[in-house]
Amino acid sequence: MPVPPVTGSGHSNELDRARAGDVRALARLISLVEDGSTQVRSVIKELVPLTGGARVIGLTGAPGVGKSTLTGALIGAYRAQQRRVAVLAVDPTSPFTGGALLGDRIRMQEYATDDGVFIRSMASRGHLGGLAAATPQAIRVLDAAGFELIIIETVGVGQAEVAIASLADTVAVLLAPGMGDAIQAAKAGILEVADLYVVNKADKPDAQHVVRDLRNMIALGERKPDDWKPPIVTTVAARGPRDEGLAELVRRLDEHWSWLQASGELERRRRARAREEITALAFDQLRARLTEGRVEELAARVADGDLDPFQAADEVLAQFRD
């Protein structure tokens with residue numbers, strides 16, 4: 001089925017090439033977004049009507065649980081179904097050089113020549129929450145380019161980095177044996193955003209202890225009868241498509257997608273995603289318009305005890321009342 005052309009001007013040719021499978025055109029568009037180019041607004045305006053068809057799957061978890069390996073295994077499983085897959089792999093940025101190792105791309109080299117796969121490593125650039133600041137717009141570019149599945153692999157996160165929940169339709173939280181006991185599992189806020197739990201490296205000792213701890217934690221939660229109950233899947237991602245757990249994981253991901261559509265939760269999540277994005281963009285613009293000298297003056301008065309912080313905030317907001 002031919003890809004319909006993009007109407008309009010400006011970046012239409014680049015968008016058409018990206019939708020036709022031109023990897024370089026797609027990479028250039030994502031680079032515009034990632035670098036905060038002044039052209040981002042016009043690009044996004046042209047591609048917004050083409051978005052909304054992709055499934056967005058988020059993979060998150062602590063460092064060392066096997067996120068990159070599992071991502072590679074999922075790519076293989078979905079490609080076996082002849083589905084186009086894009087991956088946004090967020091790597092931590094060096095606080096000294098500003099660079100990133102881009103290790104995820106290294107681990108997924110076997111798909112480098114597959115026309116149905118696009119892998120983009122993105123440096124977090126100090127952005128918190130396990131993601132890069134440009135991730136929402138990069139998702140939009142990939143969606144408009146016609147990818148059926150977009151997998152977001154976050155930076156290795158701790159107990160409370162839950163930004164992925166505001167971007168993905170389905171969130172899979174990965175755990176592995178040796179990452180903590182039942183108390184750690186119960187208090188980890190990141191587990192609360194999971195639609196699926198994946199206990200990777202299930203051939204290691206104590207894997208079933210992790211499964212048991214998760215089941216106990218899930219039992220503590222309160223859910224309505226029609227709510228989604230997160231399943232627990234055990235995998236050995238290093239085996240790739242040969243792993244029995246991988247087939248179950250794909251099936252569970254599909255079940256969750258069906259539930260999202262049937263329950264109306266998909267629409268609710270995507271509206272919440274749009275709301276978060278609008279709010280973030282608005283705050284960024286407000287921050288940019290703040291008069292730095294005025295803020296410094298108010299900060300000095302607050303520090304000296306001449307003004308309370310609430311009054312100072314009122315004076316800052318007064319700049320925008322006109």
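The protein chain has twelve helices and seven strands. The model is predicted.

User: How many residues does the protein chain have, and what percentage of them is buried?

Analyst: The protein chain has 322 residues, and buried residues make up 45% of them. The chain exposes about 17200 Å², of which carbon and sulfur atoms supply 53%.

User: Is strand β1 largely enclosed or exposed, and why?

Analyst: Buried means under 20% relative accessible area. In β1 (residues 55–61), seven of the seven residues are buried, so the strand is largely enclosed by the rest of the structure. Arg-55, Ile-57, Leu-59 and Gly-61 point one way, whereas Val-56, Gly-58 and Thr-60 point the other way, and all are buried.

User: Which strand does β1 join over five bridges, and is the pairing with it parallel or antiparallel?

Analyst: Two strands pair if DSSP finds at least two bridges between them. Five bridges join β1 to β4 (residues 149–153), and these strands run parallel. Within that pairing, Gly-58 stands opposite Ile-152 of β4. Strand β5 (residues 170–175) also pairs with β1 in the parallel sense, over five bridges. There, Leu-59 has Ala-172 as its bridge partner.

User: Which residues of the largest nonpolar core touch the most other members?

Analyst: In soluble globular proteins, nonpolar side chains tend to be buried together. Here the largest nonpolar core has 45 residues, and those touching the most other members are Leu-26, Leu-142, Val-173, Tyr-197 and Leu-214. Helix α2 (residues 23–34) provides the largest share of this core, with six residues. A second, separate core of 28 residues includes Ala-73, Ala-89, Ile-151 and Leu-196.

User: With which residues is Tyr-197 in contact, leaving aside its neighbours within four places in sequence?

Analyst: With those neighbours set aside, the contacts of Tyr-197 include Val-173, Leu-175, Leu-191 and Leu-214. Also among them are Met-217, Ile-218, Pro-230, Pro-231, Ile-232 and Val-233.

User: Where does Glu-315 lie, and does Glu-315 count as buried or partly exposed?

Analyst: Glu-315 lies in helix α12 (residues 309–318). Its relative accessibility is 26%, so Glu-315 counts as partly exposed. Apart from neighbours within four places in sequence, Glu-315 is in contact with Arg-294, Leu-298, Arg-301 and Leu-307. Glu-315 and Val-295 are 20 residues apart in sequence, and their C-alpha atoms are 9.3 Å apart in space.

Notes:
Residues numbered from 1 in each chain as written. Predicted model: local features only at pLDDT ≥ 70, side-chain atom pairs only at ≥ 80, totals over all residues. Heavy atoms only, no water. Buried < 20%, exposed > 50% of the residue type's maximum accessible area, 1.4 Å probe, protein only. Helix = DSSP H or I, 4+ residues; strand = E, 2+ residues; numbered from the N terminus. Contact = heavy atoms within 4.5 Å. Core = buried A, V, L, I, M, F, W, Y, C linked by side-chain atoms within 4.5 Å. Areas by Shrake-Rupley, 256 points an atom, 1.4 Å probe, with all protein chains shown as cover.
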